[in-house]
Amino acid sequence: MDALQKLKAIRDFKNDPFGFIIDSIIIIVVNLLIPIPMSGKVAVQFRGPVLGCLISFLILGLFILTVVGTILMTPLLMTSGFLKTFTLGSNPSANGSFSETAIPHQNPFGGSGMDYCIVSAYFMDPGYYLIFGKNHTGVDLVPSDSYFKNSDYYKQNREITIFSTINGKVSYYVDSEGGETVEVVNNDNSLKVIFIHFSEVLVNTGDNIKAGTPVGVMGSTGFSTGAHVHYEIRIKDGNSWLAVNPLNYIQ
Amino acid sequence: MKDIELNPINTNLRKLLQAGVALILVLFLVIYFVILKNNHNMPKNKTITFENGRLQMFDDQITLNPFPDRIAFHYPYFVIVKPTLKTSAVYNLDKKQKEKEVKEIVLDYYNGNLLFNRGTTTFYNKKDLGLLCEKAFIKSQNEVLCVTKQYTNDVENKLISINVSTKIQKDIYSSKNIITGVAVIGNDIYYGEVEPYTRKNFIYINKQKIEVSDIVSLIYPMNNKHYFASFKSVLNNQKENYYSIVDGKAIKQEEGKIIFFK
C-alpha cells in the first residue's frame, strides 16, 4: 500500500509538479491547524475554490489598503513638502535662469530684464513720500502676464516664488511693522539685497545660498496694501548701508 | 342702394400688407432698442467725487488704496490706475462711460494716445522715451511733460519737456524739493511742489509761484474753473480736500471730500 501511494505520488509530481507542491503545502498547513485525521486531504479536494477565495481576499485587502492609505497620507504628504523634492529636484537652487554672482543683475522673479515683473512703486517714489511722509528705499514689484505664461518654476509650483539675486549669507527676521523679511549679504560684505512682505520664507538665518535660490513666497505681510515684493539693494558706505536704485542693476 | 364693396385681398395685396407690417415692426424695435440702450448707458449719478478712499465714479463706487493706486486726469479723460492689478481704466467724462481698460501703468491718456510706464522707462504709445517719468502729461500730439529724477538715487526731481519724435529733452523747472503734480490747462502749465522739511506747498502757474496751504496732488479743470486736489497724507493731517485757483489764490472748496466732476 505504501509502495502504491509512493508510486502515485511520484506520478503526480511528474505530471503536475506545481499542483503537487501546492497540495503538499495545503496538507501540511491544514493538518497543523486542524488536528483531525484526513483534514488535509479533504482540504486538498477543494483547493481550487479555497485558493480562489484566498487570492480574491488578498487582492481586495491590498486594494482597500492602497485606497485608505492614499486618502490618509495625501494631506500629510502635501503639507510636509515631501512632494516638492520630486517636482523641484533635490537641489532647491536649481533655477536655470540665474547665474551665480555677488552683484545682482536680474530681477527677483527670474527671466531676463524686466520681462517677468511690473514696478508698482519706484525707488524714492514721490507718491509714496507724499502719502506716508517717508522715502521708499526700494522698488515694489508684482509679476507680469509674461511671468504667469512663461515661468517654468511658477507652472510647476503655482506659487509666486522670489529668488535671491546674489550669492551670500541669509538673515531672516520680521521687521518692525510685521513684514517677513529676508536679507542676503554678499560674501565680501559690500552689498546686500532685501526682500520684504513674504507670506512664507524658504530659507533660514545663517544659510549660505546662491543666486537663484528660492527665498520666499510673495505676500502682503507688514506695511503693505496688497501682495507684492519690496526689493531693495544697499551698498556698504563706511559703516552704514546706503540704499540705491535697484532698477539700475537689472540688465 | 348699392352695397359697399370691399377690396378683394388677392395674393399681391396680401404680400404688400405683410411687408408693411414687418417694416413697421422692425422700425419700432430698432427705435425702442436705441432709446433703451442710450438710457441704459447713461448713469443716474453724473458726478465724480472722492471721499475716505472711495471714488464715486458716476454710479459705480471704487475703493482706492492710498498707495500705489492713483488717478490721472486729462479732461475729458479720467484714469484710475491700479498698479498691483496691472490695470488702468480710462473713463470719458463727455460720454460718461468707460472708454477702455489697458494692462499698463498709465500716466496720462488723451485722444487715443497713451503715456505709460513699463519696466524701467516710460512709453508714449509704442515709443520708448528712454527715461522714467514719475508723473507726466500729454501736452500735444508731439510733446510730453515729464516729472523725472534729477539724480537716480535721490528724491529731488525736475519737470522736463520731451519732443516725442526726436526725444530731445528740455528742462522746464529743476526742484530742490519734490514736484507733486503737473497739468496743462488751456495754454498754461501748472505744477505743484512740496518742501519736505518745512512742509510748505506751492503751485506754479507758468513759473509764477504761489504758496498754498495743502499738497497739490492733482490739477484739473471743472466747469471752466481750475482746481487742485489734495489727497490724504501724513503731511496734511490725513484729509482729502480740493481748492479752486482764482486770481493767484487757492480757495478751499470742501474739507474731507474732493469733487472732480459735476
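How many Å separate the centres of domain 1 of chain A and domain 2 of chain A? Here are my notes.

1. Ground rules first: this is a predicted model, in which local features need pLDDT of at least 70 and side-chain atom pairs count only at pLDDT 80 or more, while totals for chains, interfaces and linings use all residues. Residues are numbered from 1 along each chain as its sequence is written, and chains are lettered from A in the order in which they are written.

2. On confidence, the predictor gives the complex an ipTM of 0.79 and a pTM of 0.72. Chain B averages a pLDDT (the predictor's confidence in each residue, from 0 to 100) of 91, with 97% of the residues scoring at least 70.

3. Back to the opening question: the centres, taken over C-alpha atoms, are 64 Å apart. Domain 1 of chain A spans 2-80 and domain 2 spans 117-248; such bounds come from an automatic or database domain assignment.

4. Now the interface. Chain A and chain B each put 28 residues into the contact, where contact means C-beta atoms, placed from the backbone, within 7 Å. On the side of chain A, strand E1 (117-121), helix H6 (126-132) and strand E2 (139-143) each give two or more residues. Helices (H or I, at least four residues) and strands (E, at least two) are DSSP runs, numbered from the N terminus. The largest share, seven residues, comes from H6(A).

5. Leaving out residues up to four places away in sequence, B:Val182 touches B:Lys135, B:Phe137, B:Leu145, B:Val147, B:Leu159, B:Tyr190 and B:Tyr191.

Technical notes:
Contact = placed C-beta atoms within 7 Å.
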